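Here is a short report for a first look at this structure. Keep the sequence and the 3D view at hand while reading.

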Amino acid sequence: MAVKFFGQFLVEQGAVTSEALLHAIELQERTNLKLGEMATAMGYITADDIERAHASQLSKDMKLGDLLVELGILTPSQLQEVLDRQKSTHLYIGEALVKVGALTPEKLESYLAAFKVDQAPYVAERIELPDWLRNQPLWETAVDMTYKMITRVLGIRFRPGKCQEVSRLSTNQMLAAMDLSGDATARYLLSVSAGLQKTIAKAILKEDNVDQEPPEVLEDTVMEFVNIVCGNVVAKASQSGLSLEINPPTTIHPALNGLPVPDSYRALLFPIHVSNDEVMELALFIKQ
Amino acid sequence: MKKVLIVDDSLSVARQLEKIINESGDLVSVGHAKNGAEAIKMNHSEDPDIICMDMNMPGMDGLTALRSLVVLDKAVKVVMVTSLGGVGDKFTEAIKLGAKNVISKPFEPENVLNILRSL
């Protein structure tokens, strides 16, 4: 069992062929417009406006739509219209498969139910944290910021997995860690596989090829990514009145049996599903 | 051509900044210091016009180095480059200590150049 996308699940189950899935995906891509594309199609904004909003999105934790309103490019009512249009015209992969004639509506319903059961242990609908955890909004911000930066800075598509408490982190290519202190004491850790380490290096160094880079540079880019995430978490926390300090990031190469959680800490693990071959995990060691 | 000294413990940030600066046409990187103490030494040997400095570094951190640099060299202009730019207290402290600006990470090359050219 592994994390899957619905289309992948259907192919695996023999419900549709991969060719049919591809047709459905192409139909989806033609139908589903991103917020910026929809606003452009509706004549409210230009490509230049989107570029301007994307540039300021790098330093502001805001959704594109809200930012377009803040920049005075869209009015709040125009934004609502665009969002409503996006929602009413959105084509899900299952519906697309029905449209291309690969599935009947009845079969779609039964496969959707089976898919939910199959994926229940892996897919987090939202960031769920255990009840014993103090400062929940802070840790929710840490996880949410990680997801946002993976999308914005690294440009990686992923699916967040369900939070679980662990007593040991499994081994991986490397871990980048950063210690937080002040109103909360914790260690933020990001574990990445070799392929993802290179993906991160390409994004941080803005290079197409990093094959010739020495290992310390590849490691440094992961540490820098962690630094960006944690710095922004601290900034966000400061807006809620929490005062936190961060130490410079470090690299850890865990032993084959993994990295144990230190005494007096409890650890939360958030799997970040990128692909079957590449593993990324966020872990928070939180002092009790 | 304005001379810029980069101060950051991260090799990758130094690489990014070096690229932006050296491709600008009107700015040139004169070196990379890995902490505050190295920055003070290299400010003396390289005599930069501008210093781009991280806040959070092992050894002497950026704000401590800033305190010394503004006393030792009244001409050099220091800009802090940090992921902590969004922390109100840190930003204010840097500006109060004499930093000319604070660039938040992740940054856009255009934003970095606009700030460095404005000095």
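## Nonpolar cores

The largest nonpolar core holds 86 residues. A nonpolar core is a set of buried Ala, Val, Leu, Ile, Met, Phe, Trp, Tyr and Cys residues joined through C-beta atoms within 7 Å. Buried means that 20 or more other C-beta atoms lie within 10 Å of the residue's own; 12 or fewer make it exposed, anything in between partly exposed, with C-beta atoms placed from the backbone. A:Tyr188, A:Val226, A:Leu284, B:Cys52 and B:Met53 have the most contacts inside this core. H11(A) supplies the largest share of the core, twelve residues.

A second, separate core has twelve residues, among them A:Leu10, A:Val16, A:Leu21 and A:Ala102. What does A:Tyr188 touch, leaving aside its neighbours within four places in sequence? The partners are A:Ala142, A:Ala177, A:Met178, A:Leu180, A:Val226, A:Cys230 and A:Leu284. Contact here means C-beta atoms, placed from the backbone, within 7 Å.

## Model and numbering

This is a predicted model: local features need pLDDT of at least 70, side-chain atom pairs count only at pLDDT 80 or more, and totals for chains, interfaces and linings use all residues. Residues are numbered from 1 along each chain as its sequence is written, while chains are lettered from A and ligands numbered from 1 in the order in which they are written.

## Chain A overall

Chain A has eleven helices and ten strands. These are DSSP runs, numbered from the N terminus: helices are H or I with at least four residues, strands E with at least two. The radius of gyration of chain A, taken over C-alpha atoms, is 21 Å.

Along the principal axes, the C-alpha atoms of chain A fill a box of roughly 55 × 50 × 45 Å. Of its 288 residues, 34% are buried. Among contacts in chain A with a separation of 6 or more, 65% join residues 24 or more positions apart.

Most residues other than glycine have a negative phi, and most peptide bonds are trans. A:Lys206 has a positive phi, near 55 degrees. It sits in the loop between helix H10 (194-205) and helix H11 (215-239) of chain A. A:Lys206 is exposed, because 11 other C-beta atoms lie within 10 Å.

B:Asp47 also has a positive phi, near 45 degrees. Its loop runs between helix H2 (36-46) and strand S3 (50-53) of chain B. B:Asp47 is partly exposed, with 13 other C-beta atoms within 10 Å. A cis peptide bond, omega about 5 degrees, joins B:Lys105 and B:Pro106. B:Pro106 is in the loop between strand S5 (101-104) and helix H5 (109-117) of chain B.

Technical notes
Contact = placed C-beta atoms within 7 Å. Rg over C-alpha atoms; globule rule 2.2 N^0.38 Å.
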